[in-house]
Number of protein chains: 2
Amino acid sequence: MQFETILSPLLLPLYDLQGKTVVVIDVLRATSTICTGLFTGIDHFYAVSSPSEALELQKKGYLAAAERNAVKPDGFELGNSPFEYLNSELKGKKIAFTTTNGTHCIKLSLGADEILIGSFLNLDAIAKYCIDKKKDIIAFCAGWKNKFNLEDTLFAGALASKLIDSFSINCDSSLAAIDLYNAAKSDLKNYILKSSHAKRFEKLGITKDIEFCMQTSIYEIVPRVINGKITL
Amino acid sequence: MQFETILSPLLLPLYDLQGKTVVVIDVLRATSTICTGLFTGIDHFYAVSSPSEALELQKKGYLAAAERNAVKPDGFELGNSPFEYLNSELKGKKIAFTTTNGTHCIKLSLGADEILIGSFLNLDAIAKYCIDKKKDIIAFCAGWKNKFNLEDTLFAGALASKLIDSFSINCDSSLAAIDLYNAAKSDLKNYILKSSHAKRFEKLGITKDIEFCMQTSIYEIVPRVINGKITL
């Protein structure tokens with residue numbers, strides 16, 4: 001079984017997703033937020049491409065959640081901070097969700113055999129699922145506006161490190177991700193704080209979101225995309 | 001002054017080259033081979049897109065050099081091994097050159113203010129030139145068939161490390177390249193030997209090319225692209 005890493009959505013056409021399991025990674029913050037919401041008890045997220053699509057679904061009983069350039073647009077019940085999804089009143093709700101990077105990558109992955117939602121918050125659960133499933137894995141980093149980013153690559157490296165005894169890892173992207181994770185793992189949070197994305201977060205006063213998203217394996221859940229719905 | 005890194009040709013559209021100096025990097029082997037040839041005394045290389053274009057120029061007094069999938073096609077005087085370019089009989093010659101990755105990236109960079117050819121063989125000379133020039137720098141990694149690769153990223157990291165006091169380095173690609181270089185620098189050659197490209201080279205019996213290309217700063221030259229010609 002092979003393990004590969006895609007470092008940016010623009011590199012996706014170089015990879016064949018067919019028959020493979022894709023782990024979509026947008027650690028800051030979409031995939032961390034999805035994990036948090038589903039752990040809280042949200043019924044499902046529905047990934048849409050645009051805020052207007054989310055507002056259409058709002059008319060059909062969905063809560064509308066959106067983020068553009070790290071902030072919540074007007075007219076939406078929810079944004080993209082995991083703290084908003086710790087609210088128990090969201091139990092059983094359906095969320096129409098669109099973000100700058102993460103939800104786009106979920107839609108790009110629809111040709112895969114299976115799509116999982118990965119974040120540091122559910123790292124161990126994802127790793128265990130991949131080992132049990134015995135299928136080729138692609139770690140798909142959302143990046144920031146199609147550029148490479150550190151935090152998603154570090155997660156790919158963390159996942160690769162856990163799968164290294166069960167999978168063949170020959171692609172340079174995965175080898176680099178492992179070495180970056182090894183350089184960062186003793187103080188993941190401060191490593192991330194030097195990244196370009198963290199600097200954007202600092203300006204917006206949401207550094208606490210980074211601290212939250214860097215917690216490792218606090219949720220034993222594996223969100224999957226089933227008929228377009230992200231659910232457990 | 002900014003320093004940025006492009007990790008694959010597919011990511012090029014995300015960057016604005018205008019007014020900037022681009023350092024094209026294809027360590028294994030095109031940019032190492034160009035540096036070696038120009039140090040030997042070749043008059044210039046002319047980067048072309050296809051073997052047929054190189055053969056056209058052959059009729060006009062050029063030597064034709066090509067590499068596809070790491071081997072030399074039939075009908076060409078020269079391939080892409082730096083050892084072929086240590087030959088003093090090449091002094092004053094003109095070379096029409098096409099390779100799988102590197103020459104393509106030179107052509108993609110033509111919108112930049114200036115294009116330099118970087119390799120470990122001329123690392124210090126490139127760094128000094130960039131510091132003296134005082135312009136924004138983009139380190140452009142050729143990769144392998146548009147995929148990220150380790151060796152070009154390591155060179156970007158080595159160059160960034162030398163420029164860190166003179167340039168502002170905020171892009172995640174450059175930060176990752178620096179950390180990978182720090183992980184690798186104590187034994188660069190063996191680090192590269194674990195990469196996917198090195199494994200391809202091993203199959204072809206050209207591991208000695210890797211050892212050659214990993215020598216650091218043996219040439220005090222800065223090849224530049226001037227009116228389409230790569231020259232000193």
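Visitor: Which residues have the most contacts inside the largest nonpolar core?

Guide: Quick ground rules: this is a predicted model, where local features need pLDDT of at least 70, side-chain atom pairs count only at pLDDT 80 or more, and totals for chains, interfaces and linings use all residues. Residues are numbered from 1 along each chain as its sequence is written, while chains are lettered from A and ligands numbered from 1 in the order in which they are written. A nonpolar core here is a set of buried Ala, Val, Leu, Ile, Met, Phe, Trp, Tyr and Cys residues joined through C-beta atoms within 7 Å, and buried calls for 20 or more other C-beta atoms within 10 Å of a residue's own (exposed: 12 or fewer; partly exposed: in between; C-beta atoms placed from the backbone). The largest core has 164 residues, and those with the most contacts inside it are A:Leu159 and B:Leu159.

Visitor: Leaving aside its neighbours within four places in sequence, which residues is B:Leu159 in contact with?

Guide: Contact means C-beta atoms, placed from the backbone, within 7 Å. Skipping the neighbours within four places in sequence, B:Leu159 touches B:Val23, B:Gly118, B:Leu123, B:Ile126, B:Ala127 and B:Ala139.

Visitor: How many of the residues of β7(B) are buried?

Guide: Strands are DSSP runs of E, at least two residues, and helices are runs of H or I, at least four, numbered from the N terminus. In a regular strand the side chains alternate between the two faces of the sheet. In β7(B), B:Ile137, B:Ala139 and B:Cys141 point one way and B:Ile138 and B:Phe140 the other, all of them buried. So the count for this mostly covered strand is five of five.

Visitor: Which residue of β7(B) does B:Val24 stand opposite?

Guide: Strands pair if DSSP finds at least two bridges between them. β1(B) (residues 3–6) runs parallel to β7(B) over four bridges, with B:Glu4 partnered by B:Ile138. β2(B) also pairs with β7(B) in the parallel sense, over five bridges. There, B:Val24 stands opposite B:Phe140.

Visitor: Over in chain A, how wide an arc do the buried residues of helix α4 cover?

Guide: The buried residues of α4(A) (residues 123–133) are A:Leu123, A:Ile126, A:Ala127 and A:Cys130. They sit on the same side of the helix because their arc, taken from the directions from the helix axis to the C-beta atoms, is only 100°.

Visitor: Which elements do those buried residues of α4(A) pack against?

Guide: There are strands and a helix among the partners, in chain A itself. The list is β2 (21–25), β6 (114–118), β7 (137–141) and α5 (150–163).

Visitor: What phi does B:Lys134 take?

Guide: Most residues other than glycine have a negative phi. B:Lys134 lies in the loop between α4 (123–133) and β7 of chain B, and counts as exposed because it has 10 C-beta neighbours inside 10 Å. Its phi is positive even though it isn't a glycine, at about 60°.

Technical notes:
Two residues are in contact if their C-beta atoms, placed from the backbone, lie within 7 Å.
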